[in-house]
Structure formats: C-alpha cells, structure tokens
Amino acid sequence: MSDLTDCYISQGPTIGDVDGDGHTDIVVPTLSGNIYVLSGNDGSIVRPYPYRTHGKVMNQVLLVDLSKHGERSKGLTLVTTSFDGYLYLIDGPTSCADVVDIGETSYSTVLADNVDGGDDLDLIVSTMNGNVFCFSTPVPHHPLKAWRSSNQGRNNVANRYNREGVYITPSSRSFRDEEGKSFWVEFEIVDKYRFPSGSQAPYNVTTTLLVPGNYQGERQIKQSQTFDRPGKYRIKLPTVGVRTTGTVLVEMIDKNGLYFSDDFSLTFHMHYYKLLKWLLVLPMLGMFLCACHPSSTRGHALTIIFKGY
C-alpha cells in the first residue's frame, strides 16, 4: 500500500528534516501500520517510505537526532510504537529500523529527555498495561532534543534540534543558589533552517522568574525583548529577598507565531540560612563540650579537695 488516501490517520503529523537534505518533511502515522514521509514542498511521498510496521500506529511519531558523540548528523530517527508490541527506531535517510520488543501496546507518543541526571538522552514509553519504560541511548542530551509532550509547547510539532528554538545554556541552567541582588541568565536562539522561507526573525523572547506560593511578593517577574538574529544573549533578573525556590522560564515566539520554551530551577538564600544555623549551633556545641570535658577546672578542684580529706 503506497497511497496515503487509502489509509486512516489517527494522530497528527510531526515535522522535520527526516533525510537530512535541508528541506522540511512531514511524517504521518496510519492505522494500517504504514508510516509515511511526505515532502513539505509538494506533498509527494519521500522514498523509500512508507515504512510498514505489523500493527496500528496510534501515536505521533517522535523525530529526534540520535547521532552519537563526534558523529555527523545525517537526518533524523523516527521513533514510535506499534500495536504489534514493538518499539521502532527508524533511520530517516534509509528507513532501516532497530526494533525493541516491549510486548505491550501504546497510544502515547514516545518522549525524549534526560531522566536520570546524566548527559545522555533517554526515551520514555508508556503502555496500555500501565507500565513506563525508560530506554537509555548513547546519544548526548541537548535541551532542543527534549520532547516532553506530543506538542512542543503550545502549537509546535516540529523537531527543534539544528532547526529552530531557544534554550538556556549549560552554564546558566546548572543548579545554583542565588544570594545577591540580581543574577544573569544566558540563552541561545537557534535558527538554522533556511528552506523554503529563510530566517524566522524577529524573535520575541520573554524571560520569567516564577516564585512559589510561600513568597508574599510578585510571583512572576518578567523581562521581554525582541531580537533580530540568532545567537547567545544574556538577561538580568532580580533575586528574591527571602529563602525560597524558583523557576526561570524562557519563552520565544517567532514571526510565524511558533512557540518555543526552556526552563530551569534554582534556589534563593538557602546556603545563607544553612550557614546561619551553624553559626548558632557551633557556640552552643562548644560550650557543651567544655562543660563535659573531664579535665575542666571544676574537675581538678574536686579532685584536690577529695585528696585533702
């Protein structure tokens, strides 16, 4: 079966440069088990697709760059489950697949993120049996590779890595405790996709500090700017004057209205209060140890009096 008009489609498509030729492709799963890749230029079927699984495909297909360290990217990998009980990792340019037998069916999109805190990318599969599988890959994690829901934010179903997006740089997203009056957040705007419409500028970026409910002041502190070109930028945010946690959310909307976001968490004044606790406890602990030490002055006096009698 090669005609998409003969197939039923249960989920929406996903978008990305599947075969690495620089042009947009559209990936469509079907109830027949076929996965089609269509040219974004004229809608024609990109060969050698369709790829046929042996069961219904009931979820959107994840598009992710699974190039290893030092390996040049050659298109994307199509990751999906099928009602035949397998997880498919289909190489975009060749349509050759690695298959993992999970023995269960799934309606949910396979998600991608760093789960265990390492530096690799993990694939998360949830099934109709109520199980959640996490598969580690040898692929380096990058914020733009993360796919945490079927939609990338509000209205985006496209692969972001090496295409378009915004992410917080590693130096800024590393966990830290802020104690000064302000702190810097560095982020990078990526826009490497050029066919067919070129640059997607201007980029409207809003950086928001979100503070939880135990804080009595303003809980959303926002800074908005417009940028005309991709690149790294820094923005200064005020710290919160109490001991609490917070989340920094960076959101970007391009000229077409596509939404992108990234976030990280941090704390305020936690280290200061820990130091203050020890400044109070240590003197009391020292007094207690001196009072209990057997060589104290009182002990000697009692010994002398006892010997005198």
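Modeller: P202 sits in the loop that runs between strand 14 and strand 15; strands (E, at least two residues) and helices (H or I, at least four) are DSSP runs numbered from the N terminus. Before we go on, this is a predicted model, where local features need pLDDT of at least 70, side-chain atom pairs count only at pLDDT 80 or more, and totals for chains, interfaces and linings use all residues. Residues are numbered from 1 along each chain as its sequence is written, and side-chain values use heavy atoms, with hydrogens and water left out.

Colleague: Thanks! Is the peptide bond from A201 to P202 cis or trans?
Modeller: That bond is cis, with omega near 5 degrees.

Colleague: And which residue is joined to P48 by a cis peptide bond?
Modeller: R47 is, with omega about 15 degrees. P48 lies in the loop between strand 3 (34–39) and strand 4 (51–52). As background, most peptide bonds are trans, and most residues other than glycine have a negative phi.

Colleague: Speaking of phi, what is the value for N162?
Modeller: N162 has a positive phi of about 60 degrees, though it is not a glycine. You'll find N162 in the loop between strand 11 (132–140) and strand 12. H269 also has a positive phi, near 65 degrees, and lies in the loop between strand 19 and helix 2 (270–292).

Colleague: Is H269 buried or exposed?
Modeller: Buried, because its relative accessible area is 12%; the cut-offs are under 20% for buried, over 50% for exposed and partly exposed in between (1.4 Å probe, protein chains only). N162 is partly exposed, at 37%.

Colleague: New topic: which residues touch the most other members of the largest nonpolar core?
Modeller: F183, V185, F187, I189, L209 and V248, out of 24 residues in that core. Such a core is a set of buried Ala, Val, Leu, Ile, Met, Phe, Trp, Tyr and Cys residues joined through side-chain atoms within 4.5 Å.

Colleague: What does F187 touch?
Modeller: Leaving out residues up to four places away in sequence, its contacts include V166, V205, F227, Y233 and V250; contact means heavy atoms within 4.5 Å.

Colleague: Last one: where is I90?
Modeller: I90 is in strand 7 (residues 86–91) and counts as buried because its relative accessibility is 0%. Beyond its neighbours within four places in sequence, I90 contacts I35, Y49 and L76, among others. I90 and L76 are 14 residues apart along the chain, with 8.7 Å between their C-alpha atoms.
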